[in-house]
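Me: I would like to go through this structure slowly, one question at a time, and see how each answer is reached.

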Amino acid sequence: MDNQKFQFSEDWVVVILGLGIIALALSGIIIPTPKFSWSDLSSLQHDVLNFENIRAIFFQFAAVYGTAIVGAILLSKPLKALLIVFPVVFVLTVLALIAAGNAVVKDYNLEAVIFSLVIGLVISNFFKLPQWFKDALSTELYVKIGLVLLGTTVIFGDILKAGSLGLIQALVVVLSVWYFAFWLCKKLKIDNEMSLMISSAVSICGVSAAIATSGAIKGDSKKLSYVISLVLITAIPMMIFMPYMASWMGLSQEVTGAWLGGSIDTTGAVVASGSLVGEEALKISTIVKFSQNVLLGIAAFAISIYWSYSKSVNEETKQEKPTLKVIWERFPKFVIGFIFASLLFSFVISPEKVDTVKGSLKSLQGLWFALAFTSIGLETNFKDLFKQDNKKPLYAFLIAQTFNIIVTLLIALVLFR
């Protein structure tokens, strides 16, 4: 008789944990959402470091700490190191969230994940961390829990708000830009992992798309960090200059909004850029970006199938067509949690209930992503992160982004003129 203990795979544990957090929220156990926005030292003390907000941060800590412990138990991982390491990672992540909450930083649309990464990198490169500390970091687990929670914000009902024009533009832009970017990466002989991350980041919704794609293909965290850095760096000049370019070309607010929403990669930058143009531009740009965000779930599922199939083919010694069973074994199960959460919040849960829990779940989702990037920084050397054997990924991203800007403008002119 086989006495080997049954053990869950990491992806199934992620599904259990992510859907467990959602179930608790829907049952009425809603974790308070801390505030991290501040403009000067006085508002930092008054708005962020007050008793109520610190209590909310503590409740979030208890929630994610407990989740990480349950995850370690289900995965049969040692608890001793985790009990010490996780609180350290959390404190560093909160510092990153506070830094990203500054009004000046927000104006530049720098997201918390970039501060998490930088803080982790500074510590790991200036201090020698023991191996047991690094071994206790569960980067992939944190990313994938965040992705399951991300499903609660991908609401298919937003397509209805967008109307037919917004949906048509989103579909045409995502498909055309994704395939062009992937074709370009293949022409430049960039590896499959980086190609998929670049294509998704440029065509869909920037940081979230890159993270979802990396999770779906079990991508290298260093490549993911590189792609996210490109997304955030290019979003800033696009956010500032595209409204002025639209004004110079004499574009209407409707066309400008569709252009901004379809080509700028981060939602925050889209909102900021649309606000510079006017109320109608802000409305249209937000609607178009919503439509692209909704397509993230479909794209993640398609990429997972493609990656599972291609990996299975490559691992078959006779290059025979892999069976459905083999593809299922390779398929990243967390995508099921992501899709389930999206369908649940789109078609089953009432809009009133969604409004009640979405703020808390979105805050937790962002926290899990930030925890993951703090962990990536803590286990990475500067040279590893920024060392690229060539500049081809950078060239591919910039060329694909330029193509994205041109194609989106043409489609916006046709549909919204």
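Me: Is lysine 144 buried or exposed?
Reply: Please keep in mind throughout that this is a predicted model. A residue is called buried when its relative accessible area is under 20%. Lysine 144 has a relative accessible area of 2%, so this residue is buried.

Me: Which residue forms a salt bridge with lysine 144, with the closest N and O atoms 3.1 Å apart?
Reply: Side chains of opposite charge can pair when their charged atoms come close. A salt bridge needs a side-chain nitrogen within 4 Å of a carboxyl oxygen, and here the closest N and O atoms are 3.1 Å apart. Both partners lie in helix H8, residues 139-150, and they are four residues apart, about one turn of the helix. The partner of lysine 144 in this salt bridge is glutamate 140.

Me: How many residues apart are glutamate 193 and lysine 223?
Reply: The side chains of glutamate 193 and lysine 223 meet in a salt bridge, at 3.8 Å from N to O. This pair links distant parts of the chain, since glutamate 193 is in helix H10 (residues 192-205) and lysine 223 is in helix H12 (residues 221-248), and the separation is 30 residues.

Me: Why are aspartate 355 and lysine 358 separated by about one helical turn?
Reply: The side chains of aspartate 355 and lysine 358 meet in a salt bridge at 3.4 Å, N to O. Aspartate 355 counts as partly exposed at 48% relative accessibility, and lysine 358 counts as partly exposed at 44%. They are separated by about one helical turn because they are three residues apart in helix H18, residues 351-378.

Me: Which helix gives the largest share of the lining of the largest pocket?
Reply: About 1700 Å³ of space lies in the largest pocket. Of the 50 residues that line this pocket, the closest to its centre are Thr153, Thr267, Lys362, Ser363 and Gln365. The elements that give two or more residues to the lining include helix H4 (80-100), helix H9 (157-187) and H18. The largest share, 12 residues, comes from H18.

Me: Which residues does serine 214 touch, not counting residues up to four places away in sequence?
Reply: Serine 214 has its place in helix H11, and with a relative accessible area of 7% it is buried. Leaving out residues up to four places away in sequence, serine 214 touches Met197, Gly219 and Leu224.

Me: How far apart in space are serine 208 and serine 252, C-alpha to C-alpha?
Reply: Serine 208 lies in helix H11, and it touches Leu150 and Leu296 when residues up to four places away in sequence are not counted. Serine 208 and serine 252 are 44 residues apart in sequence, and from C-alpha to C-alpha their distance in space is 29 Å.

Me: How many residues apart in sequence are the parts tied together by tyrosine 142 and tryptophan 368?
Reply: A search of the whole structure finds 13 aromatic pairs. Tyrosine 142 and tryptophan 368 form one that is tilted, with 5.6 Å centre to centre and 40° between the planes. Tyrosine 142 lies in helix H8 and tryptophan 368 in helix H18, so the pair ties together parts whose separation in sequence is 226 residues.

Conventions: Residues are numbered from 1 along each chain as its sequence is written. This is a predicted model: local features need pLDDT of at least 70, side-chain atom pairs count only at pLDDT 80 or more; totals for chains, interfaces and linings use all residues. Side-chain values use heavy atoms; hydrogens and water are left out. Buried means under 20% relative accessible area, exposed over 50%, partly exposed in between (1.4 Å probe, protein chains only). On a 1 Å grid over the protein atoms alone, a cavity is a set of points where a 1.4 Å probe fits but cannot get out, and a pocket is an open set with protein on both sides within 12 Å along at least five of seven lines; lining residues have an atom within 4 Å of a point. Grid points are joined across faces, edges and corners, and a volume is the space filled by probe spheres set on the points. Contact means heavy atoms within 4.5 Å. Rings of Phe, Tyr and Trp (its six-membered ring) pair if their centres lie within 6.5 Å; planes under 30 degrees apart count as stacked, over 60 as edge-to-face and the rest as tilted.
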